Amino acid sequence: MLIGLASAAHAQTVPSRDSAEYTLRVAAKKTINNSTVDGKASFSEYKNYPTRTIATLQGFKPATVKLDKYGGRLDKKTKATGFFHVEKINGRWWAVDPDGYYFLHNAPNDVQPGGSERTQKALKAKYGDRAGWMAATRKFFFANGFNGAGAWSATREIQAENARADQPLAYTINLDFMSKYGDKRGGTYVQPGHKGYPNDVIFAFDPGFEEFAEQHAKQLAANKKDKNLFGYFSDNEMPLLRKNLDGYLKLPVTEPGYVAAKKWADERSITLETITDQNRADFLAYAADRYFSIVAKAMNKYDPNHMYLGCRFHGAQRYYPELMKVAGKYLDAVSINYYNNWTPEKTWVRDWEVFAGKPFIVTEWYVKGEDAPGLANTAGAGWVVKTQADRGLFYQNFTLGLLESKNCVGWHWFKYQDNDPTLIGAEPSNTNANKGIVDNNLEPYQPLLEKMKELNQQMYHLADFFDQRQPQ
């Protein structure tokens, strides 16, 4: 029944205020077959999408909110714990910075310079070395309303810069528990965007995974006292899917995953021929609980001070109430890589919190521009628009929906720098696309940045605006 209710209640709808606020129309198209390893892809036809910006937001008047050193708002404070945490206050979820000020984590992903010859040449010419680049980039972020760094960023450089900076970047670390265990165990493979697993099922039932997680988590002790660390991701885009039960039952009979799934199925008199959708949902919850419980226990043992931000759900996972419910038992915030929606889905951004009992953070999203020279934009998911200014309009439209939800504690744009087609050996989904806020010569896309900055510098005032707005 839960599955049926979810699918019926959450069909995407056009925002109900579109006649008053979604007055702009931005032409966009989607990349088709973007996940092919050879980089071939095609595009849908351009279509005009209703778009809302700060300028079309009825009754909103920009205002300045003073910020503390982390980028938290100085006008609203709760109990300080000395570390970042989340708290629901007066109906809205907030991150809270180490000094107790309300905070939203606003960051690009992959904050590090690319390894291509031209990017390294630009780095040396502009900044001298990586330390110089990091110092300038930290200031660049704060000047444009960003306050952190998302996954896959230059951790050592950020930590070193934070140690001498008056405004530290709130950074995140991806620990890759399952994918690194897979590297050690064998059987995984490279596919665009994330690690591939046999039969699309993870090794959560391997006795060796629990042992590996315990050892792998020991590295967290080094970060235990770092106030600037926002939180950890345990993995990225794992195949926690409703077809997992079928996948486990089709593994070789000697596999621990098969043994666990067969025992679970036998106890319920289920066979491959009689599996129902409810069985699949129930088993997904069982497998996810196994993974999250093992990882959370190991992480908390070595670093109980920092947030567990999940494993970056993607695709259909955001439509699985049973998965959200299990995640909420172990996570501080649910991380979601949110693609293929022009505007956040109002019912889902509400119900993720209902199901999980926790806030969410969008950990990947972007739009590519056709006007970026030398980039075919066939790699990666999501939207393509005609100009950098249109990218900025999409940014504002999407983040306004996140702020309106009252359940979002941050968003991480994917990513800092464009994909570089001249880089040899790049991951297949990151080969030739205009995803960055800077290009491959480390020059910013100014029309995009102007719209990002306008929204970023108003994000706290916008949260207040939506909190005070009367429901329709």
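User: Which hand does the crossing of H12 past H14 have, left or right?

Analyst: H12 passes H14 in a right-handed crossing. The model is predicted, so local features need pLDDT of at least 70, side-chain atom pairs need 80 or more, and totals for chains, interfaces and linings use all residues. Residues are numbered from 1 along each chain as its sequence is written, and side-chain values use heavy atoms, without hydrogens and water.

User: Why is H12 called oblique to H14?

Analyst: H12 and H14 (residues 459-468) pack at about 55°, with axes 8 Å apart. Angles under 35 degrees are roughly parallel, over 145 roughly antiparallel, 65 to 115 roughly perpendicular and the rest oblique. That makes H12 oblique to H14.

User: What makes up the contact of H12 with H14?

Analyst: Leu400, Leu403 and Glu404 in H12 meet Met459, Leu462, Ala463 and Phe466 in H14. Contact means heavy atoms within 4.5 Å. By class, this contact has 6 nonpolar, no polar and 1 charged residues. Nonpolar covers Ala, Val, Leu, Ile, Met, Phe, Trp, Tyr, Cys and Pro; charged covers Asp, Glu, Lys and Arg; the others, Gly among them, are polar.

User: Which residues of H6 and H9 meet?

Analyst: Phe209, Glu210, Ala213 and Glu214 in H6 meet residues in H9 including Arg290, Tyr291, Ile294 and Tyr302.

User: What lines the second largest pocket?

Analyst: It has 19 lining residues; Lys346, Glu404, Ser405, Lys406 and Pro471 lie nearest its centre. H11 (346-356) and H12 (388-405) each supply at least two residues of the lining. The largest share, 4 residues, comes from H11. By class, the lining has 5 nonpolar, 7 polar and 7 charged residues. The volume of the second largest pocket is about 420 Å³.

User: Where is Gln191, and what is it in contact with beyond four places in sequence?

Analyst: Gln191 is in strand S10 (residues 189-191). Leaving aside neighbours within four places in sequence, Gln191 is in contact with Gly196 and Glu427. Gln191 and Ser429 are 238 residues apart in sequence, and 8.5 Å apart in space, C-alpha to C-alpha.

Methods. 1 Å grid on protein atoms, 1.4 Å probe; cavity = no way out; pocket = protein on both sides within 12 Å on 5 of 7 lines; lining within 4 Å. Points joined across faces, edges and corners; volume = space filled by probe spheres on them. Axes fitted to C-alpha atoms, helices over the stretch in contact; angles between N-to-C directions. Left-handed = near helix turned anticlockwise from the far one by under 90°.
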